[in-house]
Number of protein chains: 2
Amino acid sequence: MTPIAPPDDEQGHPGQTAEQTAGQPLLPLAGQTPPIRADAARNRTRLLEAAARLVAERGPEQLTMEAVAAAASVGKGTVFRRFGDRGGLLMALLDHSERLYQESFLTGPPPLGPGAPPVRRLEEFGIATLRHLAAHRALLLAAEPEACRRFEPPPRRLALTHLTALLREAGTGGDAELLAHTLAGHLDVALLHHLTERRGMPLERLEAGWLDLVARITRT
Amino acid sequence: MTPIAPPDDEQGHPGQTAEQTAGQPLLPLAGQTPPIRADAARNRTRLLEAAARLVAERGPEQLTMEAVAAAASVGKGTVFRRFGDRGGLLMALLDHSERLYQESFLTGPPPLGPGAPPVRRLEEFGIATLRHLAAHRALLLAAEPEACRRFEPPPRRLALTHLTALLREAGTGGDAELLAHTLAGHLDVALLHHLTERRGMPLERLEAGWLDLVARITRT
DNA sequence: ACGCCAACCGGACCGTGGTCCATTTTCTTC
DNA sequence: GAAGAAAATGGACCACGGTCCGGTTGGCGT
């Protein structure tokens, strides 16, 4: 299991209220951070230590906010004030690894970092990301507990098998099952909602994107 | 807004316990269905009617299990026994549309149904699915409330912009932002977990799949 | 050294999803 | 139509995430 992050209370840190509200906590974020008060900082590290201990003992999915608060001898409200929500706390736990990972492809040496040809960097980025995810899978999954269920509902499974069958029938090479997942990823309510509402894309653009994607993927 | 499904209590229906446990409720499922008891069937339709009314009045995301139970003059336990969980209830609400949608590509006329060349069917399937999703977005999203947050966390956003930038730099044509989402979909913890644990794929296969995907997508 | 005020604290409180089990209702068989 | 077994019921119960607010405390200006 991953040794979690050292509670490296890298001093200042975000602060203000929830650790990831509006400002990006895990991004380089050069922006000035309203300094945190001394007692708050102390509680923050106590909370992170307690959380890390509990995660190590009982696994991330068993972690409850109340338990963390209790283990750190701190009020529940404090936990929420500091980390916003359960996900925020879990993420804070792997803040350290996350930074390393981000630096590796933002400013690290090629071929992952700048300097290599873009396609090469794409390849490396995927590999690095997959390994990063695998390494912290437990924590990351615990941060969005519903995530696993996304593939269970029968409609999704049906779409998947349908896509797989069509891909096979089309005689496209490659890993049909994997490619089916890729295609299915494009046909996801959450994605649709995000792109149309948050990003303002019209449905037509998604449809055009789908046709293009099918073309690229089935191209022998 | 979608008129929901008529509470077409198509008699028998699943039954047993939770409506979607193990057996696929929305799939053709020719399997024999242990017949439901009369009182259970009556309560089922009352619950669906109540739920549909509440959804129409206050929107799907406001729907609480207790409210449905109360509105149907039924115990809360009954709701859960029948529909398993919140998601099950929401899904049952669009069971009707779901069936139509499924039939359209499983046994309907070409080019969506069997008979057309596979690539053509792929194209049509995507379009049909996107429209199906758009039509029932509210209900589908309400069924997995965390879904929207999947794109908010800064790490995800960073990965997305990074992918977009690399794609643009690579001079690949097409909709870079959309293609970036496709690529990002392949680098998802939940997917990784599903494929490695549930489907037994080794990490190497995912890595190979990534390289293949990048190749297909950046292929001019 | 002092006092002000914003930031912080704690834990009572709430809403909701989900479970449990003693009791009631339906179906079947004779 | 009676009786026994299986299925269904309902609402008290629990756990957990998240909010709220009266009281406290640390940082800063004077």
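Reader: Which are the buried residues of H10(A)?

Author: The buried residues of H10(A) are Val189(A), Ala190(A), Leu191(A), Leu192(A), His193(A), His194(A), Leu195(A) and Thr196(A). Here buried means under 20% relative accessible area, exposed over 50%, and partly exposed in between (1.4 Å probe, protein chains only). Helix H10 of chain A spans residues 189-198 and is mostly covered, with eight of its ten residues buried. Helices (H or I, at least four residues) are DSSP runs, numbered from the N terminus.

This is a predicted model, in which local features need pLDDT of at least 70, side-chain atom pairs count only at pLDDT 80 or more, and totals for chains, interfaces and linings use all residues. Residues are numbered from 1 along each chain as its sequence is written, chains are lettered from A and ligands numbered from 1 in the order in which they are written, and side-chain values use heavy atoms, with hydrogens and water left out.

Reader: What covers the buried residues of H10(A)?

Author: The cover includes helix H9 (176-186) and helix H11 (203-218) of chain A, together with H6, H7 and H9 of chain B. At the start of H10(A), a side-chain oxygen of Asp188(A) reaches to within 3.0 Å of the backbone nitrogen of Ala190(A). Gly200(A), which follows H10(A), has a positive phi, near 65°.

Reader: Which residues touch the most other members of the largest nonpolar core?

Author: In soluble globular proteins, nonpolar side chains tend to be buried together. A nonpolar core is a set of buried Ala, Val, Leu, Ile, Met, Phe, Trp, Tyr and Cys residues joined through side-chain atoms within 4.5 Å. The largest one here holds 116 residues, of which Leu89(A), Leu183(A), Leu89(B) and Leu183(B) touch the most other members. Not counting residues up to four places away in sequence, Leu183(A) touches Leu163(A), Leu167(A), Trp210(A), Leu213(A), Val214(A), Ile217(A) and, from the other chain, Leu122(B). Contact means heavy atoms within 4.5 Å.

Reader: How many residues does the contact take from chain B and from chain A?

Author: Chain B gives 84 residues and chain A gives 84 residues. About 8000 Å² is buried between the chains, 70% of it from carbon and sulfur atoms. In chain B, Leu122(B), Leu130(B) and Arg216(B) lose the most area to chain A, together 9% of what that side buries. Buried area is the accessible area (1.4 Å probe) that two parts lose on being put together, summed over both.

Reader: What is the count of salt bridges between chain B and chain A?

Author: Side chains of opposite charge can pair when their charged atoms come close. A salt bridge is a side-chain nitrogen of Lys or Arg within 4 Å of a carboxyl oxygen of Asp or Glu. The count between the chains is 16, and a search of the whole structure finds 30. One of them joins Glu177(B) to Arg199(A) at 3.0 Å, N to O. Another joins Glu197(A) and Arg137(B) at 3.3 Å. That pair crosses from helix H10 of chain A to helix H7 of chain B. Glu197(A) is partly exposed at 47% relative accessibility, and Arg137(B) is also partly exposed, at 23%. Salt bridges with shared partners join Asp175(A), Glu177(A), Arg199(B) and Arg205(B) into one network.

Reader: Which parts does the salt bridge of Glu66(A) with Lys76(A) tie together?

Author: The closest N and O atoms of Glu66(A) and Lys76(A) are 3.8 Å apart. Glu66(A) lies in helix H2 (residues 65-71) of chain A and Lys76(A) in helix H3 (residues 76-83) of chain A, so the pair ties together parts that are ten residues apart in sequence. Glu66(A) is exposed at 54%, whereas Lys76(A) is partly exposed at 40%.

Technical notes
Helices (H or I, at least four residues) and strands (E, at least two) are DSSP runs, numbered from the N terminus. A polar contact is a pair of N or O atoms within 3.5 Å; within protein, one must be able to donate a hydrogen and the other to accept it, and residues adjacent in sequence count only if both atoms are side-chain atoms.
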